[in-house]
Amino acid sequence: MKVTEHIHALKIPFSLQVGPEKTLSRFVYAYLIYGEKIYLIDSGVSGSHRAIFDYVEETGRSPGDIDTLLFTHSHPDHIGGALAIKKETGCNTAAHKDAAAWIEDIDRQYRERPILNFYSLVEGSVAIERELRDGDSLDLGQGLTLKVFHTPGHSKGSVSFVLEPDMALFSGDAIPMAGGVPIYDEVLPSIASIRKLQKVKGLKVLMASWDEPHLGDSIYPLMEEGLNYFQNIHSIVLKESADFPASDVTTLGARVLSSLGLPETALIPIVIRSLEAHLKVAGHTDLLQV
Ligand SMILES: [Zn+2]
């Protein structure tokens, strides 16, 4: 789907296994920036190279035009298709240094952040050739500039990008969707990262990895909703842990998900990890005032 003059969005469905016979249907977006060359933001899950290459060809370009694959972060649904894309196009790869270790060594990522069907989502490890730093400005040619913002919290090495002159924000998983399953490593850095993105003036498009592209007036209110969602989850975690102080984190997690109206099947280790992140800052009642 064409989003702006230079940006195309590709929605990639996948299944997250959450139990021996239970899966959650999810999707992730990969984004293509078309200039003289093509810049691909995230690679979807294993096998996504086919859909990406088909799309590139349908739009009159060639997969060989893909110059660089830029990662918003290291999670399976963002890096899973990278190996085939790298092999078939010879493109460059770029990520923040704090994301590189898990992209370059997927076995390490699996050990440190296990997901049941990890190896069906991620094809293999890929070397990172260019380190992305906060404040970097990448010249993509034809008057296009991609600015890099380090936006940790969802993961340590998460980055967001702003493409000028389209004024399009690629936020990866840095801004949670209100009502979505909580998945992040740290709460206060997540909030600081959203505030950093709110300060970017004149945004016209918001492209998160787990939501449809948003254009126009809804962008800044959506960031505010993301902030409020963190606070809402935090308040529920504090209330449930005060009401049931002897609960272990799994029992607490079940109550929190139920209060949020989320299915019990979402109570997987990476979600429990998010709730533990709230417990680490339990000394603060109002996270938005910290
Ligand atoms: Zn992620």
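Biologist: What makes strand S5 largely enclosed by the rest of the structure?

Modeller: In this predicted model, 4 of the 5 residues of strand S5 (residues 92–96) are buried, so the rest of the structure largely encloses that strand.

Biologist: And how do you know that S5 pairs with strand S4 (residues 66–70)?

Modeller: Pairing takes at least two bridges, and S4 and S5 have 3 bridges, in the parallel sense. One of the contacts joins leucine 69 to its bridge partner in S5, threonine 93. S5 is also joined to strand S6 (residues 130–132) by 3 bridges, and these two run parallel. There, alanine 94 has arginine 130 of S6 as its bridge partner.

Biologist: Thanks! Let's turn to the metal. Which protein atoms are the donors of the zinc ion?

Modeller: They are His73 (NE2), His75 (ND1), His154 (NE2) and Asp173 (OD), at 2.0 to 2.3 Å from the zinc ion. Along the chain, the donor spacing reads H-x1-H-x78-H-x18-D.

Biologist: What parts does the pair of histidine 154 and aspartate 173 tie together?

Modeller: Histidine 154 sits in the loop between strand S8 (144–150) and strand S9 (159–164), and aspartate 173 in the loop between strand S10 (168–172) and helix H7 (187–198), so the pair links parts that are 19 residues apart in sequence.

Biologist: Why is histidine 154 called buried?

Modeller: Because buried means under 20% relative accessible area, and histidine 154 has 3% relative accessibility. Aspartate 173, at 8%, counts as buried too.

Technical notes. Residues are numbered from 1 along each chain as its sequence is written. This is a predicted model: local features need pLDDT of at least 70, side-chain atom pairs count only at pLDDT 80 or more; totals for chains, interfaces and linings use all residues. Side-chain values use heavy atoms; hydrogens and water are left out. Donors are N, O and S atoms within 2.8 Å of the metal (3.2 Å for Na, K and Ca); water is not among the atoms, so sites may look incomplete. Buried means under 20% relative accessible area, exposed over 50%, partly exposed in between (1.4 Å probe, protein chains only).
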